[in-house]
Amino acid sequence: MSNTSFAVPRHISRRGFLASSAAFGTAMALPPAAFAQQEGQLLLWLPGGSELFCKIHTGLLEGFSAGASLGPATTVCGLGQDTEFTQSLIGAITAGNPPDISMLWDSPVSLGAQGAFMPLDDMMKGSKIPLDTWPAGLLSSCQFKGVTYGLPITAGVYSMWYNQEMFEARGMASDRASFPKTWAEMRKMSKEFTVWEGDKLISAGFMPNRVPETMAIWSALNGGMMFDEANLKYQIDSEQNIEMMTFFLEWLDEEYKGDFNLVDRSGNFLDGYPNSTTGMGPAFREGRQAGMQSGSWLLGDIFADPVPSFERWNLAANPIGPSGSTSVSGTWPNWFVIPVGSKNPQAAFDYLSYLAIEGSVEWYQQIPDVPTNSQVQRKAPAGLVEKRGQEVADDITAFLGEQAAVVTPMWNSPVQSFYTDQIARAVEKIYTKASPVKDALSEAQAATQAELERVLAG
Amino acid sequence: MPITAPIAPQAAPLLPRRNRKAQRAEARAGLFFALPWIIGMTIFVALPLIVTFYIAQTKFQIVGAPKWVGLQNYEALLRDPAFWKSAQNTLIFAAISVPLKLIIALGLALLLNRATALLGFYRTVFYLPFLMPAVAGSVVFMLLLTPNAGPVNIALEAMGLNPPDWLLDPKAALWTLILLSLWPLGVETLVFLGGLQNIPKDVSEAADLDSPKRWHKLVWITLPLITPMVLFNLVIGIIYSFQVFTQAIVIGGTTGTPAESTLMYMVVLYRAAFRYFNMGLAAAMATVLFVVVLILTLLIFKTARSWVHYEGGET
């Protein structure tokens, strides 16, 4: 080897080197610039959704920005759902470059309590959307220790869906008023529909609940609760919840051979959608399941493939448990937050006010996420009117509005995801008989309470 | 072979000043060329490692500043049932899948090593699964193993067998996950194949003359000569198996459904960090994993001196 000192090879000229460096620098700088927020121009992030969902929100934000004489707005769609989206958002917040507004599909309480989102209470005072225009149970999904960290602009409202034609075929009244009012009545009715052929479930009535997210609704229907936000105490192993899970387990044993695996091998009896893993069609839409609890988002999908094998279905209030006294509903809201670091917080809040009242009407007409602010004049979704007629569509819209007003507090814990995982674990243990009801719930209670205390500790 | 007198060792002559300068320039140039790698290593490996050790001793919820808590996260880990359950699952997974992978990959490599016109085709076929994204592969297997409608169970039932609920039965799910891990064997197979093709022909032919039994040749000649490849595949296999994540989270979600049977260490780490925002605990888990894998790797390297044979001696 020669002893000449190191030099830049001749085929890379200094000019070329500088040009390459500049191009590299620009390329590195471009992605953040494309997502950067600017004063006077609103930037909205959406976690996911269909092309139509993105189009609606892009149009609403652009319309608002033009009307409010703001600069051109940007809507960023499809940044990933669930955890991936949260990671992106947290990354942007900690980097000091968040969007002005973000939609969330997970409760804002957890991150809000840690200081990621702006408290909205001061801005709400004297605005078009003060605190008292929101159903308390719904707004609690955005509040912690009396501070509001987001707004549940629209929500999927949980209620009982039932196949009226299956009811009538068995000589049962199919109007909403005649729907079972208690779990015991529902369980008794369910047996009428349930048919087994060996280990295959041919048709079913209703199912004991096993969805972790909605366990708080069933708990409230039985006079209990999962999380006592006022006292910062979980109540997972309360008497009402033990009674609830014991009721469900006995129901499973009596009507479904004590084995959800057998049920799952026979079809998708869990919700109204095709199972993304097994490819099995929804038993409800196939006319093999008399009823189920579902969110109102199904209104927008029920007429899509697979098209229901029947025409007439209806919604009814959730029945109450043995220790319950009143029917309640639950929701899975579309939350909106203003991340800390937004350069246009007031304009962002003004947009949320617009979206809560005017924007959500247009939104609901195209995608049936129920507007939740009490001042909204809801109009039935166009697709529902087309398929079921104006009268039925108006009735369902009014019913969902009533249900949104009686929502039980849920999604209101700063350790919501931890709680959901613990409940999922407990429910699985109970239904697979891996653990007695009380033990499984106590274990979930101890773990969740410990996590809550860890998070709340200074 | 001509016999020559051994050359007496000579004292290293003093380097002329000009040569020393040249050596320094060469060293500088070497350092300069290696600089991008050194910078990358420092920024993307060493620094995160140090930060991880630090965060493991803090309460850090991502938003806001970390708060020093000493060894509290490690204490919390020891009390966490999910930590122990996931560690147990991961150990079982590693203990079974790594040896199985080695055996099957070696078997495939031995088959591929036989001269055939379709060698290139088979090599591509066995390597292809490695190129498929793990998520897509997992979803395909989930569809194949669907209890009622899945083609695997339909075929097994047609043969009069009583197939398991592969991914729904807690007793079967972990074994199914292990089975899945055996699918992308391309890299291991190619590494073994490279080793097999490097065995000198004269040694191979001498072995054939010594014993007509093929297994004699395999045990006494082939295996010892490819032990460096076994070592490589073993170490890489152990590192990967302790970090099994994608298949586990696609199949079992963040709770290791069914009944925590597919709950793996990395899933618990991931959910602590990005679902519960408990970065301190996640960093503590990462530290524990780092130490365990490091100890295992060092142990393997220590024992390797007695069972790994390098042609021409170890360098």
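Predicted model: local features only at pLDDT ≥ 70, side-chain atom pairs only at ≥ 80, totals over all residues.

Student: How many cavities does a search of the whole structure find?

Tutor: A cavity is a space where a 1.4 Å probe fits but cannot get out. With a threshold of 30 Å³ or more, the search finds two cavities here.

Student: What is the volume of the largest cavity, and which residues are the closest to its centre?

Tutor: The volume of the largest cavity is about 60 Å³. Its lining comprises 13 residues, of which A:Ser110, A:Pro414, A:Val415, B:Arg275 and B:Tyr276 are the closest to the centre.

Student: Which elements each supply at least two residues of that lining?

Tutor: In chain A, these are α15, spanning 416–431, and α16, spanning 437–456. The most comes from α15(A), which gives three residues to the lining of the largest cavity.

Student: How does the lining of the largest cavity divide by class?

Tutor: There are six nonpolar, five polar and two charged residues in the lining of the largest cavity.

Student: What is the volume of the second largest cavity, and which residues line it?

Tutor: The second largest cavity has about 30 Å³ of volume. Its lining is formed by A:Gln422, A:Arg425, A:Ala426, A:Lys429, A:Ala440, A:Glu443 and A:Ala444. Here, α15 and α16 of chain A are the elements that give two or more residues, and α15(A) provides the largest share, four residues. By class, the lining of the second largest cavity has three nonpolar, one polar and three charged residues.

How values were computed. Residues numbered from 1 in each chain as written. Chains lettered and ligands numbered in written order. Heavy atoms only, no water. 1 Å grid on protein atoms, 1.4 Å probe; cavity = no way out; pocket = protein on both sides within 12 Å on 5 of 7 lines; lining within 4 Å. Points joined across faces, edges and corners; volume = space filled by probe spheres on them. Nonpolar A, V, L, I, M, F, W, Y, C, P; charged D, E, K, R; others polar.
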